[in-house]
Amino acid sequence: MIDMSAAVTADDVSVVVCTYDEERRPLLERALEALRHQGQPPAWVIVVVDHNPRLLGTLQADHQHLTVVPNDRTRGLSGARNCGLALEATPIVAFLDDDAVPQPDWVARLALAYRVADGQRVLGVGGAIVPYWAGGRPAWFPAELDWVVGCTYKGARADPGPVRNMLGANMSFRTKELRRIGGFIDGIGRIGTVPLGCEETEACIRMARQFAGGQIRFEPTARVHHYVPAERATPRYLLRRCWAEGLSKAHVAELAGRSSALADERGYATRTLPRGVAQAFGEAVRSMRAAPLGRAVAIIVGLAVTTTGFVAGRVALHSNRSEPALQLHNH
């Protein structure tokens with residue numbers, strides 16, 4: 001067992017970047033360039049290519065100084081992350097999305113946060129994820145729903161401290177502990193463009209349960225900028241992603257129990273979202289503009305669709321019908 005209180009430096013951190021599509025290559029290159037220019041660079045960068053031999057070959061040829069490997073496990077983000085985890089030789093493993101660009105002090109900030117906090121051992125550290133909207137943020141898109149595009153949302157913790165889980169675009173764990181819990185569960189996370197998720201939520205819950213007295217922490221200064229393409233800044237994607245989130249949460253509730261799986265969501269649904277709706281309606285009345293009203297409607301509809309997806313996922317799981325991931329394609 002490693003000494004949880006020992007100081008962690010950037011030399012103790014390796015970064016895993018998972019990718020799957022040639023069309024995302026320019027985004028990946030920006031992420032890799034930002035990793036090369038870290039003020040305190042990581043010990044190792046591993047690029048895992050998810051079942052795409054052509055992309056694997058070109059990346060191996062163009063980045064011979066990096067470790068570029070195929071995902072030899074189940075297709076999807078969970079399998080790719082587990083593949084990278086299996087290769088790790090450093091105490092800390094960080095995960096960065098292929099469309100996220102870390103700030104120059106990202107690795108250093110993550111490493112610094114691995115210290116004993118309030119007498120508790122730090123098991124994992126996640127940072128802030130700032131959206132970079134390719135076409136500008138839509139006026140109707142509420143900050144309370146920024147999780148839809150994989151970013152830190154209004155109402156989430158904003159100061160350093162313990163959290164239930166991290167968001168996948170910017171997270172890190174103690175390597176041995178993540179291995180001991182078996183890494184990420186297959187069947188929950190994203191597969192290609194299918195917008196399922198929550199595998200990091202389930203892993204964080206499992207980690208905290210197995211290592212009592214430890215905590216997952218949020219460090220706001222460890223920031224990355226997450227690219228949001230124009231096709232995700234649409235009502236259609238919002239609805240699809242909310243439905244998928246409901247299905248994914250049903251999986252997590254089945255695995256981790258509803259109490260743990262929905263603890264944060266209850267407060268979010270009963271406090272953060274109603275406050276966002278009230279503020280948007282108030283702004284609409286004062287300004288006589290339609291955009292704030294659109295944000296209020298987006299919050300209400302997003303919550304309704306997510307809740308419906310959760311109920312549908314629970315029904316499907318308990319009736320042994322088709323997997324929720326398959327039902328997604330019918331919506």
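Select D264, which is partly exposed because its relative accessible area is 39%; buried means under 20% relative accessible area, exposed over 50% and partly exposed in between (1.4 Å probe, protein chains only). This is a predicted model, in which local features need pLDDT of at least 70 and side-chain atom pairs count only at pLDDT 80 or more, while totals for chains, interfaces and linings use all residues. Residues are numbered from 1 along each chain as its sequence is written, and side-chain values use heavy atoms, with hydrogens and water left out.

D264 and R164 form a salt bridge, with 3.7 Å between the closest N and O atoms; the term means a side-chain nitrogen of Lys or Arg within 4 Å of a carboxyl oxygen of Asp or Glu. The two residues are 100 apart: D264 is in helix 9 (residues 263-287), and R164 is in the loop between strand 7 (161-163) and strand 8 (170-174). Helices (H or I, at least four residues) and strands (E, at least two) are DSSP runs, numbered from the N terminus. R164 counts as buried, since its relative accessibility is 17%.

Next, select E265 and K249. Their side chains meet in a salt bridge at 3.2 Å, N to O. This pair links helix 9, which holds E265, to helix 7, which holds K249, across 16 residues. Both E265 and K249 are buried.

L239 is partly exposed, as its relative accessible area is 36%. Helix 10 (residues 290-318) gives the most to the patch, with 4 residues.

Move to R24 and D99. A salt bridge joins their side chains (3.1 Å, N to O). R24 lies in the loop between strand 1 and helix 1 (25-36) and D99 in the loop between strand 4 and strand 5 (100-102), so the pair ties together parts 75 residues apart in sequence. R24 and D99 are both buried. The whole structure has 22 salt bridges.

For the next stop, select V16, C18, L77, R81, F95, L96 and D97, which line the largest cavity. Strand 1 (13-19), helix 3 (77-87) and strand 4 (92-97) are the elements that give two or more residues to its lining. Strand 4 provides the largest share, 3 residues. A cavity is a set of points on a 1 Å grid over the protein atoms alone where a 1.4 Å probe fits but cannot get out, and lining residues have an atom within 4 Å of a point. The space in the largest cavity is about 40 Å³.

Finish on helix 3, where 8 of 11 residues are buried. Among them are S78, R81 and L85.

Notes
On a 1 Å grid over the protein atoms alone, a cavity is a set of points where a 1.4 Å probe fits but cannot get out, and a pocket is an open set with protein on both sides within 12 Å along at least five of seven lines; lining residues have an atom within 4 Å of a point. Grid points are joined across faces, edges and corners, and a volume is the space filled by probe spheres set on the points.
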